[in-house]
Amino acid sequence: IKEEIVVWKEEEEEEEEEKVVIIKEEIVVWKEEEVIEKEEEEEEEEEEEEEEEEEEEEEKVVIIKEEIVVWKEEEVIEKEEEEEEEEEEEEEEEEEEEEEKVVIIKEEIVVWKEEEVIEKEEEEEEENKIVKEIIIEESKLIEEVIKEEKEKEIEKEKKDDCLLYTS
């Protein structure tokens with residue numbers, strides 16, 4: 001019986017030792033699982049943080065791209081406005097040049113008309129001179145004819161007088 005008790009005790013001790021070993025192994029496994037879980041959690045957290053950082057970076061990139069697009073649009077609008085202003089200035093300059101040309105042409109027309117008027121006046125003066133000369137010549141001729149007629153009349157009267165005396 002003693003031997004059996006000893007064997008039984010040994011078996012029990014062995015069982016206890018085995019249990020302790022098993023428990024220790026389970027604790028080690030549990031600890032390892034816990035460590036693995038913690039590492040996985042940390043990895044997940046790191047991945048989430050990285051994802052968040054990537055998302056933030058992507059958002060920043062998107063914002064920067066949008067700002068660049070807005071900036072480009074503003075630049076295009078500014079260029080268009082500058083081009084419009086330049087075109088308007090060019091049109092105004094062209095209009096001014098055209099107006100100046102018109103003024104110059106009008107002035108030339110006025111000068112031409114004045115020259116024409118002066119020429120006509122000179123022609124009229126010439127014609128008037130000629131007419132005056134003709135009138136003067138005609139007057140002289142008429143005077144001569146009158147004079148001749150008077151002389152003829154006087155002669156006729158003389159003749160008539162003479163005839164009267166003779167008769």
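## Lys 60 and its partner

Lys 60 is partly exposed, with a relative accessible area of 48%. This value comes from a predicted model. The side chain of Lys 60 meets that of Glu 57 in a salt bridge, at 4.0 Å from N to O. Glu 57 is partly exposed too, at 46% relative accessible area.

Why are Glu 57 and Lys 60 separated by about one helical turn? They sit three residues apart in helix H1, which covers residues 2-166.

## A second salt bridge

The structure holds two salt bridges. Glu 98 and Lys 101 form one of them, with 3.9 Å between N and O. Side chains of opposite charge can pair when their charged atoms come close.

Glu 98 and Lys 101 also belong to helix H1. They are three residues apart there, so about one helical turn separates them. Is Glu 98 buried or partly exposed? Glu 98 is partly exposed, with a relative accessible area of 45%. For Lys 101 the figure is 48%, which makes this residue partly exposed as well.

## A nonpolar patch

Which residues form a nonpolar patch on the surface? They are Ile 1, Ile 5 and Trp 8. Together they have about 360 Å² of accessible area.

Ile 1 lies in the segment before H1. Its relative accessible area is 76%. Ile 1 counts as exposed because this value is over 50%.

Conventions:
Residues are numbered from 1 along each chain as its sequence is written. This is a predicted model: local features need pLDDT of at least 70, side-chain atom pairs count only at pLDDT 80 or more; totals for chains, interfaces and linings use all residues. Side-chain values use heavy atoms; hydrogens and water are left out. Helices (H or I, at least four residues) and strands (E, at least two) are DSSP runs, numbered from the N terminus. Buried means under 20% relative accessible area, exposed over 50%, partly exposed in between (1.4 Å probe, protein chains only). Patches are made of residues with over 30% relative accessible area and no salt bridge: like charges are joined within 9 Å, nonpolar side chains (Val, Leu, Ile, Met, Phe, Trp, Tyr) within 5 Å. Accessible areas come from the Shrake-Rupley method with a 1.4 Å probe; for residues, only the protein chains shown count as cover.
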